[in-house]
Amino acid sequence: MIGPQRPPARVPLTHDVVEDVRRMVLDGTLRPGDRLPSEKDLAVHLGVSRGSLREGVRALAALGILQARHGDGTYVTELDATRLVAPLAFLGDMPGDRSDVLAVRRTLETEAAALAARHASPALLEQARASLDDMAGAFAEPVLDAARVAAADVAFHRTVAEASGNRVLAALVDALAAPRARERAWRDLHEDTATRVVGEHAAILDALTDADPDRARILMAAHLIGAERILAAHGAAPA
């Protein structure tokens with residue numbers, strides 16, 4: 001015998017708050033830097049309880065859309081790309097099969113390298129060289145500091161992406177940088193592999209310095225294909 005039919009599950013009110021506030025931002029009712037109305041007034045306006053509103057605000061803060069300032073209320077952030085794509089960092093560092101993420105990263109970074117060859121400033125080229133020198137210095141130490149090498153590796157790629165002149169592209173590259181996965185891989189790499197990676201970074205930097213976008217694109221693609229093999233071998237290790 002079929003029992004009484006249950007009513008369809010309702011979407012939690014927190015979801016309504018998130019969607020309503022996002023809509024207010026997108027239609028210009030709330031602009032970057034604006035302070036939200038008081039909790040009481042906004043809850044009435046949205047037709048939700050203050051508890052649901054608080055949950056929604058916390059979710060929007062995690063998404064980089066809102067920022068709570070202690071004693072001063074809640075504000076719409078500047079909505080910059082770096083803050084908004086930051087949650088993708090979890091995807092970049094997630095253990096297990098990361099082939100899809102690595103393929104996306106390769107697509108982004110090869111184009112970033114080509115753009116960087118056209119637009120890189122002397123200051124950013126020097127910054128990339130400093131990261132490369134830091135990586136080489138870490139390998140010269142008697143005991144390898146995998147965290148230092150991974151940080152220098154991430155910094156080099158971040159600088160190349162920043163040199164592209166495209167803030168959204170740079171933010172996406174940085175979000176998918178996977179520093180923890182890189183550190184796990186660097187702990188187990190042999191010296192010859194490490195030397196090769198440093199040489200690949202140096203060749204990419206030379207292409208940027210020579211303002212050669214085609215060479216920069218090809219070298220970055222080749223470098224990342226090799227990196228994908230390395231990371232794939234270590235990506236299943238627990239964080």
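This is a predicted model: local features need pLDDT of at least 70, side-chain atom pairs count only at pLDDT 80 or more; totals for chains, interfaces and linings use all residues.
Before you start clicking, keep one cut-off in mind: buried means under 20% relative accessible area, exposed means over 50%, and partly exposed is anything in between. Asp 174, at 27% relative accessibility, therefore counts as partly exposed.

**Stop 1: helices 8 and 9**

Select Asp 174 together with Arg 158. These two form a salt bridge, and their closest N and O atoms are 2.8 Å apart. Arg 158 belongs to helix 8 (residues 146-163) and Asp 174 to helix 9 (residues 167-175), so the pair ties together parts that are 16 residues apart in sequence.

**Stop 2: helices 6 and 12**

Next, select Arg 217 and Glu 111. Their side chains meet in a salt bridge, 3.6 Å from N to O. Arg 217 lies in helix 12 (residues 213-234) and Glu 111 in helix 6, so this pair ties together parts that are 106 residues apart in sequence. Colour by accessibility if you like: Arg 217 is partly exposed, at a relative accessible area of 27%, and Glu 111 is also partly exposed, at 34%.

**Stop 3: Asp 80 and Arg 83**

Move on to Arg 83 and pick Asp 80 with it. The two side chains meet in a salt bridge of 3.9 Å, N to O. Arg 83 counts as partly exposed at 34% relative accessibility, and Asp 80 is partly exposed with a relative accessible area of 34%. How many salt bridges does a search of the whole structure find? The search finds 15.

**Stop 4: a charge over a ring**

Now select Arg 69 and Tyr 75. The charged end of Arg 69 sits over the ring of Tyr 75, 3.9 Å from the ring centre. If you go looking for aromatic pairs, the structure holds zero of them.

**Stop 5**

Where is Met 94 placed? Met 94 is in the loop between helix 5 (88-93) and helix 6 (99-119). Met 94 counts as partly exposed, at 36% relative accessibility.

Technical notes
Residues are numbered from 1 along each chain as its sequence is written. Side-chain values use heavy atoms; hydrogens and water are left out. Rings of Phe, Tyr and Trp (its six-membered ring) pair if their centres lie within 6.5 Å; planes under 30 degrees apart count as stacked, over 60 as edge-to-face and the rest as tilted. A charge sits over a ring if NZ of Lys or CZ of Arg is within 6 Å of the ring centre and within 35 degrees of the ring normal. Helices (H or I, at least four residues) and strands (E, at least two) are DSSP runs, numbered from the N terminus. Buried means under 20% relative accessible area, exposed over 50%, partly exposed in between (1.4 Å probe, protein chains only). A salt bridge is a side-chain nitrogen of Lys or Arg within 4 Å of a carboxyl oxygen of Asp or Glu.
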